[in-house]
Amino acid sequence: MDKNICDQCGKEFFEEDAEDEFLLEYPLHNYSNLVRCLCGDCAIQAILVEDTGVYMETCEGCNKSFDPIEDDSTYRLHSKLDIGLDDFSRILCADCALEVELDEYPLESDFDEIEEDEEEDEDDEYTF
Ligand SMILES: [Zn+2]
Ligand SMILES: [Zn+2]
């Protein structure tokens with residue numbers, strides 16, 4: 001088994017150990033999706049601080065490899081809904097999520113219609 005050198009801290013590590021540590025912390029992530037060669041600690045830290053360019057997901061819509069952190073902020077910037085990429089039941093890049101949101105979350109045109117309830121509290125009755 002070959003030792004790897006961590007991109008971040010320069011520590012020597014075995015990939016299997018790093019993977020175990022990483023999956024213990026993030027069971028839903030995939031260690032091999034990490035772009036950089038990172039030891040367990042640094043990999044966990046990178047996800048924790050939401051570093052961009054470290055972890056790539058594959059879009060289930062277009063098979064594109066994308067950075068979920070970057071695409072999430074792109075998505076939130078353009079989306080009309082107050083949701084993020086992780087609110088979708090599939091792994092989607094920003095482009096696909098923006099296309100899909102209209103199907104999965106149909107926009108109600110009168111969603112923001114303000115109901116005008118004029119509450120007139122006229123206190124005419126003063127008792128002295
Ligand atoms: Zn490291
Ligand atoms: Zn996509």
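Select glutamate 50 to begin: this residue is partly exposed, with 13 other C-beta atoms within 10 Å (buried means 20 or more such atoms within 10 Å, exposed 12 or fewer, partly exposed in between, with C-beta atoms placed from the backbone). The model is predicted, so local features need pLDDT of at least 70 and side-chain atom pairs count only at pLDDT 80 or more, while totals for chains, interfaces and linings use all residues. Residues are numbered from 1 along each chain as its sequence is written, and chains are lettered from A and ligands numbered from 1 in the order in which they are written.

Glutamate 50 lies in the loop between helix 2 (40-48) and strand 3 (57-58); helices (H or I, at least four residues) and strands (E, at least two) are DSSP runs numbered from the N terminus. Its phi is positive, about 55 degrees, although glutamate 50 is not a glycine.

Proceed to asparagine 63, in the loop between strand 3 and strand 4 (65-66). Its phi is also positive, near 65 degrees, and asparagine 63 counts as exposed, with 9 C-beta neighbours inside 10 Å.

Next, select helix 4 (residues 94-104), whose buried residues are Ala94, Cys96, Ala97 and Glu101. They lie on the same side of helix 4 because they cover an arc of only 140 degrees around the axis, taken from the directions from the helix axis to the C-beta atoms. The face turned away from this buried side carries the exposed Leu102 and Asp103.

Asp71, Thr74, Tyr75 and His78 in helix 3 meet Ala94, Ala97 and Leu98 in helix 4 (contact: C-beta atoms, placed from the backbone, within 7 Å).

Terms used:
Two residues are in contact if their C-beta atoms, placed from the backbone, lie within 7 Å.
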